Amino acid sequence: MVSRGIWPYSWIMFADLLGALAPRDCVGCGLPSRDVLCKDCDEALPWAVWPMARLFEGCDAAWFYGNYDGPVGGMARRAKYRPDPSCARALAGMVSQAVRGRVPAVDAVVPVPQTRISTLQRGFSPVRTVAASVARELGVPLVDSLERTRGVQQAGLDPSARAVNAHGSYESSGPAPRRVLLVDDVVTSGATVSSCAQSLLGAGAENVYVLAVCDALS
Ligand SMILES: [Zn+2]
């Protein structure tokens, strides 16, 4: 009786131990790693956000934290597509440290909302996780000013389809803060942040700055 009761529990513990010790791929370089990032990729993480070379309609300026093909992009993809809330929280901590002293004073941080189906599938929003951490760092409120009213995920669409999909897909749910830091995970064509900025400006915002976790074109 005792052995039958203990064996399954021991096996579960053994399986957990194997899982903890088993190497898995680093999301940055693909090499085996016990952690999400291997030591080299962890040491290669950016220490600050950087201005984006491109400007987006309706936005005053934009910054990004990392490249889509590097460790930051790997973490963003893992947080979004696995989905992995702990990875999103780790990324949020990195971005919020990197933003210190790098962006203008703002009145609020606003996350780019994801589709409702994505919220149902993931159970959380990786972008909102990052935005909340950045808001805490900047000492300003996180404000969910925007609603995703239609459209599908931008990933997989070509630039012209992105523009059509994003246009008019975001609406302000009320008066917008005056100076906004708009946070998104991956900026590619900029169609999404431009559409969001237009809605915020239409709702009373005077300045919209963009913070992207990844610039897909850098
Ligand atoms: Zn690596």
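Ala 92 is buried, because 24 other C-beta atoms lie within 10 Å. A residue counts as buried if 20 or more other C-beta atoms lie within 10 Å of its own, as exposed if 12 or fewer do, and as partly exposed in between; C-beta atoms are placed from the backbone. The structure is a predicted model: local features need pLDDT of at least 70, side-chain atom pairs count only at pLDDT 80 or more, and totals for chains, interfaces and linings use all residues. Residues are numbered from 1 along each chain as its sequence is written.

Ala 92 sits in helix H4. Helices (H or I, at least four residues) and strands (E, at least two) are DSSP runs, numbered from the N terminus. Not counting residues up to four places away in sequence, Ala 92 touches Thr 129, Val 130 and Ser 133. Contact here requires C-beta atoms, placed from the backbone, within 7 Å. Ala 92 and Arg 128 are 36 residues apart in sequence, yet their C-alpha atoms are 9.2 Å apart in space.

Helix H6 spans residues 126–138. Its 13 residues reach 19 Å from first C-alpha to last, close to the 18 Å expected at 1.5 Å a residue. That expected span is 1.5 Å times one less than the number of residues. The buried residues of H6 include Arg 128, Thr 129, Val 130 and Ser 133. Among the elements that cover the buried residues of H6 are helices H3 (71–81) and H4 (85–98) and strand E9 (207–215). Just after H6, Gly 139 takes a positive phi of about 75 degrees.

The largest nonpolar core has 58 residues. Such a core is a set of buried Ala, Val, Leu, Ile, Met, Phe, Trp, Tyr and Cys residues joined through C-beta atoms within 7 Å. Leu 91, Val 130 and Val 213 are among the residues with the most contacts inside this core. Beyond its neighbours within four places in sequence, Leu 91 is in contact with Met 75, Ala 76, Ala 79, Val 130 and Val 213. In soluble globular proteins, nonpolar side chains tend to be buried together.

Strand E4 is mostly covered, with five of its seven residues buried. E4 and E9 run parallel and are joined by six bridges. Strand E3 (residues 50–51) pairs with E4 in the antiparallel sense over two bridges. Pairing requires at least two bridges found by DSSP between the strands. Phe 64 in E4 is the bridge partner of Trp 50.

Overall, the protein chain has eight helices and nine strands. Of its 218 residues, 43% count as buried.

Technical notes
Two residues are in contact if their C-beta atoms, placed from the backbone, lie within 7 Å.
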